[in-house]
Amino acid sequence: MKKQIRNSAAVLLISLTLLLSACSGGNAGEGETPRQTDSSEPTVTAEPAAEPTPLPYDAPLTGLKLEKAAEARPIVVMINNFAAARPQSGLSNADVIWEVLAEGGITRLIAVFQSTDALTDSIGPIRSIRPYLIDIGDSYGAVLAHAGASNDGYDVLQHQGKPYLDEISNAGSYFWRSKERKAPHNLYSSLEKLRMGAEKKKYSLDKMVPPYTFAEAGSAEAGVPASEITISFLLKNYSVGYVYDSASGSYKRSIGGKPHMDMNNNEQLAGTNLVVLGADHRTLDNEGRLEVDLTSGGSAILFQKGKAIEAEWVRAPDGMIRIVKNGVELPFVPGKTFFHIVPNKPTFEGHVSWVQT
């Protein structure tokens, strides 16, 4: 009996000891560090920025991306380049600009408008047209805008059914005279007015232009470095210069030693491609009117991406003048292109020079 009591007491003592130990172990204040609750915000992984959706259309004459297709028929405008007519208006909106000799050693600019939506901006001053200028505009299937023409020019326009808007003979209401300049350097129009005139004349407004070939990297031909270009015509006041800006990939244009500006926006004219091509010139009369051969092809130099590439020009079956090397068309860099037609005499090479700075 005593042994049974001792055993029961021992069991009771062990149970009390375990109970006290358990209570002591659950007390957070007795030297134990309480468990911390993580209250920090959950890490949020940023979604990668969505790539911009590329624009779906390419402008046929610049290769630049557009939100909607450029389907308008080109308008080609004869621009006065006499010193008193500078700075001109609207040239920064042109897709392509041609420069070619007129009478007396002066040059004329032929501005091709196709993809721009700047319909109300002033364009000018506008001057007269010649057969070889008609030829340039006609190669784009364009409506021609001008003020007067040589006798040969009117003969081509009227007897070959060309679509034209002439301030003197058939479309005066679609032009205006500025009071800020003296005649004849003050005649202007706009694409809005010229397209209205073309519609009134019932000229087709959606004739598609054959596109140029483009590549973001330009031609794969090696070429030679060329960052400063000089193009000489006949008179010093019409000497053209370009300086390559590697940051923008464009050539900033000067004429007569001064930056060539657009009066509408006070921006210096610039292009991503420069073409100089040689053509035979012939004087026709005592007035110095010229005939320029734009069908036979010949030497050309393409400037792009800070380099000069010797090439040739050809009149392609589609009527366009294209720049080729070894029979393959050289692609343009997307952007504006300037063409310059210089005489083959005394030499083609004597009209163009360049340096690498």
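## Close-up views of a predicted protein model

View 1. Just after α3, glycine 161 adopts a positive phi of about 65 degrees. The model shown here, and in every view below, is predicted.

**View 2. Helix α3 has a buried face.** This helix covers residues 151–159. Gly153, Tyr154, Val156 and Leu157 are its buried residues. Seen down the axis of α3, the buried residues fall within an arc of 160 degrees, so they line one face of the helix. Asn151 and His159 sit on the other side of α3 and are exposed. What do the buried residues of α3 pack against? Their partners are α2 (131–139), β6 (143–146) and β7 (164–166).

View 3. The protein chain has 357 residues, and 46% of them count as buried. It holds 4 helices and 26 strands. Take the contacts between residues at least 6 apart in sequence: 62% of these join residues at least 24 apart. The accessible surface comes to about 18,900 Å². Carbon and sulfur atoms account for 53% of that surface.

**View 4. Arginine 86 is buried without a salt bridge.** Look for arginine 86 in the loop between β3 (75–80) and β4 (96–101). Which side chain of opposite charge is nearest to arginine 86? It is glutamate 99, 6.7 Å away. Backbone oxygens do lie within reach of arginine 86. A polar atom of its side chain lies 3.2 Å from the backbone oxygen of asparagine 81. The side chain of arginine 86 also reaches the backbone oxygen of asparagine 237, at 3.4 Å. Beyond residues up to four places away in sequence, arginine 86 touches Asn81, Arg181, Asn237, Tyr238, Ile255 and His260.

**View 5. Glutamate 99 pairs with arginine 253.** Their side chains meet in a salt bridge, with N and O 3.0 Å apart. Arginine 253 lies in strand β13 (residues 250–255) and glutamate 99 in strand β4, so the pair ties together parts that are 154 residues apart in sequence. Both arginine 253 and glutamate 99 are buried.

**View 6. Lysine 65 and aspartate 58 form a salt bridge.** Side chains of opposite charge can pair when their charged atoms come close. Here the closest N and O atoms of lysine 65 and aspartate 58 are 2.8 Å apart. Lysine 65 is partly exposed, with a relative accessible area of 48%. Aspartate 58 is partly exposed too, at 46%. A search of the whole structure finds 10 salt bridges.

View 7. Arginine 322 is buried, with a relative accessible area of 9%. Salt bridges with shared partners join Asp318, Arg322 and Glu329 into one network.

**View 8. Serine 190 is buried in a loop.** The loop runs between β9 (187–188) and α4 (191–200). Serine 190 has a relative accessible area of 3%, under the 20% limit, and so counts as buried. What is serine 190 in contact with, leaving aside neighbours within four places in sequence? The list is Leu119, Thr120, Asp121, Ile123 and Trp176.

Definitions and conventions
Residues numbered from 1 in each chain as written. Predicted model: local features only at pLDDT ≥ 70, side-chain atom pairs only at ≥ 80, totals over all residues. Heavy atoms only, no water. Helix = DSSP H or I, 4+ residues; strand = E, 2+ residues; numbered from the N terminus. Buried < 20%, exposed > 50% of the residue type's maximum accessible area, 1.4 Å probe, protein only. Contact = heavy atoms within 4.5 Å. Areas by Shrake-Rupley, 256 points an atom, 1.4 Å probe, with all protein chains shown as cover. Arc of directions from axis to C-beta. Lys, Arg positive; Asp, Glu negative; His and termini not counted. Salt bridge = Lys/Arg side-chain N within 4 Å of Asp/Glu carboxyl O. Polar contact = N/O pair within 3.5 Å; in protein donor to acceptor, adjacent residues only side chain to side chain.
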